[in-house]
Structures are given as C-alpha cells and as structure tokens.
Amino acid sequence: MARQRAEADEAPPKKSELTRQSILDAAARMFRMHGYSGTRLSDIADEIGMKAGSLYYHFPSREALVEAVMDLGLQRTHAAVLDRLSMLPADAGHLTRLQVAIETHLLSVLEQEDYTSASIKLIWQVPAGIRERQIADQRAYGALWRKLLEDARKGGAIRADVDLSVARMAIVGALNWAADWYKPGKLTPKRIARDICAMVLNGLVAEDEAAAAKRRPATTKRAKK
C-alpha cells in the first residue's frame, strides 16, 4: 500500500495539466508584454499552436485566464517567502528574517518574471471585480511584511523615526521593479539581493546612541568653522 501511494505521488502530470500550464505560461508572457486590452485569447492560442476553441476548455474567458495568471504571480512569491522564513531557527534575529524575506521575494520576482510582472502591471487594467480580489490578496501578503517590520522595531532593530508603511511599500516596490530593469548576465539575482539588503538594512538599523553622541561634538565643531 505504501508503495502504491509513493508511485501515485510520483505520477507524471496529466496531458491536460501540462496543456493548462503551457497556456498559463504563454498568457503570463503576453499579458506582461501587451497588457490586458492588447492580449486576446486567440493570440495566446496562436502562441502555443492551439485552436482558440480548445483553449476555452481550460479557461472559459479572458478574465478567468488573467486572474489565474495574477493569482499565481502573487501566490508563488508569498508561498516562497513563508517557506524560507519557516526554515529559520526560532532564535533568528529580526534583521536576518528581513534579509531572508527580501532575498526570497527578489529571487521569486526574477525567476517568475512573467507572472510577477503581470500581477503587478495589470492590477489597474483588469475589470473591477478582479482588481478588488487581487488587492485583497495583496493585503494578506502585505500583512506578512508589516509584521516583520513591526517585530523588528519592537526588538530595537529598526529606527523609531521611520514610518513602517513607507518602508514596507518602498522595499516591496523596489523588489517588484527589479523585473523591469534586470538583465541576466552581469549580476546574478543573489548578488542583487545582497546589495539591496545592504542598502535597505543599513539604512534601517537602529543607530547606537552612544556612538551618535560621540560624533555630535565633532559635527558641531566643524559647523562653527
């Protein structure tokens, strides 16, 4: 019985599942390139050599397809960040948790470029009903970042004078924007993630008050000169 279960778990995906994934991949790519209004179901069908009528078997409408693409773009990133955070030891520091979240989000954005870019760019192009559902899902992911930042502040790792809402939107926005300017070759995603972490976290780390006090007289003295 155990062997049968193991074989069932390893069973290859069905043809219909592979076809559905091909449709989603092509749709994500075309929605990212041409937008919602500039992409028709027939265009997507042509992209993968399928008859438009066959595509309706998997997705009844363009709205259903674009929502599936946008869902995947957000869900994959959210799941990846949660998974990496869950693997950290219980005593992991707040800045370590933020660094892992930043690195994982960026890697997900760059590895799932079509899906992530589509979910970001299409939000104001799709019908209102889809937009409202997507925004609700984005709030759930935003809550994860909000908690990471709030916990870091409570733990004394983040400056008290930084607005956490601004910090959250700036960090996630910058990571999402990377899909637009990233070009494979010169810098690896991991190197970019490292540099972003250095810039973001060094700007957020709470300054040691004793060290700050030692610097103030010198600053005042230079100003008088």
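User: In which hand does α7 pass α9, left or right?

Analyst: This is a predicted model. In it, α7 passes α9 in a left-handed crossing. The helices are α7, residues 113-121, and α9, residues 164-181. Their axes come within 10 Å. They cross at roughly 120°.

User: Which residues meet where α7 and α9 touch?

Analyst: Look for heavy atoms within 4.5 Å. From α7 come E113, T116, S117, I120 and K121. From α9 come N176, A179 and D180. By class, this contact has two nonpolar, three polar and three charged residues.

User: Now take Q134. Is Q134 buried or exposed?

Analyst: The cut-off for buried is under 20% relative accessible area. Q134 has 2%, so Q134 is buried. Its place is in helix α8, residues 128-154.

User: What does Q134 touch?

Analyst: Leave out residues up to four places away in sequence. Then Q134 touches E67, M70, D71 and I123.

User: How do I read the largest pocket?

Analyst: Start with the general idea. Rolling a probe the size of a water molecule over the atoms shows where empty space is left. Here the largest pocket has a volume of about 430 Å³. It is lined by 18 residues. Closest to its centre are L74, Q138, Y141, V172 and N176.

User: Which elements give two or more residues to that lining?

Analyst: They are α5 (62-86), α7, α8 and α9. The lining divides into seven nonpolar, nine polar and two charged residues. N176 turns up in both places: in α9 N176 takes part in the contact with α7, and N176 is among the residues closest to the pocket centre.

Definitions and conventions:
Residues numbered from 1 in each chain as written. Predicted model: local features only at pLDDT ≥ 70, side-chain atom pairs only at ≥ 80, totals over all residues. Heavy atoms only, no water. Axes fitted to C-alpha atoms, helices over the stretch in contact; angles between N-to-C directions. Helix = DSSP H or I, 4+ residues; strand = E, 2+ residues; numbered from the N terminus. Left-handed = near helix turned anticlockwise from the far one by under 90°. Nonpolar A, V, L, I, M, F, W, Y, C, P; charged D, E, K, R; others polar. Buried < 20%, exposed > 50% of the residue type's maximum accessible area, 1.4 Å probe, protein only. 1 Å grid on protein atoms, 1.4 Å probe; cavity = no way out; pocket = protein on both sides within 12 Å on 5 of 7 lines; lining within 4 Å. Points joined across faces, edges and corners; volume = space filled by probe spheres on them.
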